[in-house]
Amino acid sequence: MGKVIVVTSGKGGVGKTTSTANLGTALALLDKTVVVVDADVGLRNLDIVMGLESRIVYTSMDVIEKQCELSKALVRDRRVDGLMLLAASQKNNKDDIQPEQMKAICDKLRTTHDFVLIDSPAGIERGFSNASAGADEAIVVTTPDVSAIRDADRIIGLLQNARIEPINLVINRFSPQLVGNGSMMDQADVLDILNIDLIGIVPEDSEVITSTNRGIPLVYEDASAGAQAYMRIARRLTGQRIPIPDFEQKGLLNNIMNWFKKKK
Amino acid sequence: MSISIKQLFGRKPKSSSIAKQRLKLVITQDRLDVDDRVMTRLHHELAEVLAKYFEFSANSVKMNLKQEGNSYILVADFPYTKFHDLNVRQ
Ligand SMILES: Nc1ncnc2c1ncn2[C@@H]1O[C@H](COP(=O)(O)OP(=O)(O)O)[C@@H](O)[C@H]1O
Ligand SMILES: [Mg+2]
């Protein structure tokens, strides 16, 4: 039986889709069988971020309306074994799907795959209840800024009410340099506020943007800091114990540079 | 007399510590607001059910969430004036 994990956040634009695409791909690279599910009905993005947009024929809506079998709606990613995408319908909206229908899809996928990752829309409304309906576990993505963290706390409350556990935190777009000069909260600050388990920190990385432009998830090229961070998170999801590196140490030189800049 | 290095250089407090402080306050308030809404809803729903069995005045009702160690205890007082005789009503 596979695990269903919803990737969610309160605020939009913090990196849910990027994280789903990279973690899904990373898990497949680790020889797991994976389905990534786009639950952002009406605003689908996972297909284009993964570079699979030209191959979508059916969506979860077609499955729900019994226009096609679930297995036929899954798009195989040809770059790695064991990775599939279930796209969201772009012409419908979130109210056209019921939470039970999403749950039924997840329950089926779980019998045939090791991991089902659900890319959730932002917010606390219907889109969230659809995305989390079939989930066993959650990954909450936040950036280290006040609005994203505040909204993350709200989502964590809703996930706890829904008895979804564990809830793991990903801190995305972390900048050692900004932490070093005191302009960004560090991981201890964020964890002190949100009080959940941290599963990884993804640094701010321009490679995220170029890889998204190309439709090739970052983790295929494992040189970048972002790719390495996502690979480590994927390993942790498979149960490996891998310490979270202290990004701040690298910031020491930056600290000194920034100190001089500030003095000017 | 003690002068901290911060004071000596006249530096402003780090904006990240201000962010953390503000967040802690606002999130405490957010959590209370959510609890408050849930409690109000629970209050209404409980009263609806209990009204089938008892007669009570709405403004005498007290509901509180108490924390004892790691667990919460919900204490609800619905002082009633009359017990409906359901056998008669049916
Ligand atoms: N670690 C990162 N470094 C740099 N840019 C990032 C990073 N994570 C996400 N982004 C960028 O932020 C934007 C929003 O990311 P996305 O994954 O679409 O967020 P969401 O799905 O939560 O709305 C995208 O342009 C993405 O390329
Ligand atoms: Mg998205």
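1. Let's start at a single spot: the side chains of A:Asp192 and B:Lys24 meet in a salt bridge, with 3.0 Å from N to O. A salt bridge here is a side-chain nitrogen of Lys or Arg within 4 Å of a carboxyl oxygen of Asp or Glu. Across the interface of chain A and chain B, the rule finds five salt bridges.

2. Before going on, a word on how to read this. This is a predicted model, in which local features need pLDDT of at least 70 and side-chain atom pairs count only at pLDDT 80 or more, while totals for chains, interfaces and linings use all residues. Residues are numbered from 1 along each chain as its sequence is written, chains are lettered from A and ligands numbered from 1 in the order in which they are written, and side-chain values use heavy atoms, with hydrogens and water left out.

3. How many residues does the contact take from chain A and from chain B? There are 15 residues from chain A and 15 residues from chain B, where contact means heavy atoms within 4.5 Å. The area buried between the two chains is about 1,500 Å², and carbon and sulfur atoms give 55% of that. Buried area is the accessible area (1.4 Å probe) that two parts lose on being put together, summed over both.

4. Polar contacts also link the chains: the count between chain A and chain B is eight residue pairs, both at pLDDT 80 or more. A polar contact is a pair of N or O atoms within 3.5 Å; within protein, one must be able to donate a hydrogen and the other to accept it, and residues adjacent in sequence count only if both atoms are side-chain atoms. On the side of chain A that touches chain B, α7 (146-161), α9 (187-194) and α12 (252-263) of chain A each supply at least two residues. Of the elements on that side, α7(A) gives the most, with five residues. Helices (H or I, at least four residues) and strands (E, at least two) are DSSP runs, numbered from the N terminus.

5. Now look at ligand 1. Which of the 14 residues around ligand 1 come nearest? They are A:Gly13, A:Lys16, A:Thr17, A:Thr18 and A:Asn172; a residue is near a molecule or strand if one of its heavy atoms lies within 4 Å of it. A polar side-chain atom of A:Thr17 lies 2.8 Å from an oxygen atom of ligand 1, and a polar backbone atom of A:Gly15 is 3.0 Å from an oxygen atom of the ligand. A:Asn172 has a polar side-chain atom 2.9 Å from a nitrogen atom of ligand 1.

6. Is A:Asp205 buried or exposed? A:Asp205 counts as buried because its relative accessibility is 12%; buried means under 20% relative accessible area, exposed over 50%, partly exposed in between (1.4 Å probe, protein chains only). A:Asp205 is in the loop between β8 (197-203) and α10 (206-214) of chain A. A polar atom of the A:Asp205 side chain lies 2.8 Å from the backbone nitrogen of A:Glu207.

7. Finally, some backbone details to find on screen. A cis peptide bond, with omega about 0 degrees, joins A:Glu165 and A:Pro166, and A:Pro166 lies in the loop between α7 and β7 (167-174) of chain A. A:Asp31 is not a glycine, yet phi is positive, near 70 degrees; at 70% relative accessibility A:Asp31 counts as exposed. A:Arg173, in strand β7 of chain A, also has a positive phi, of about 60 degrees.
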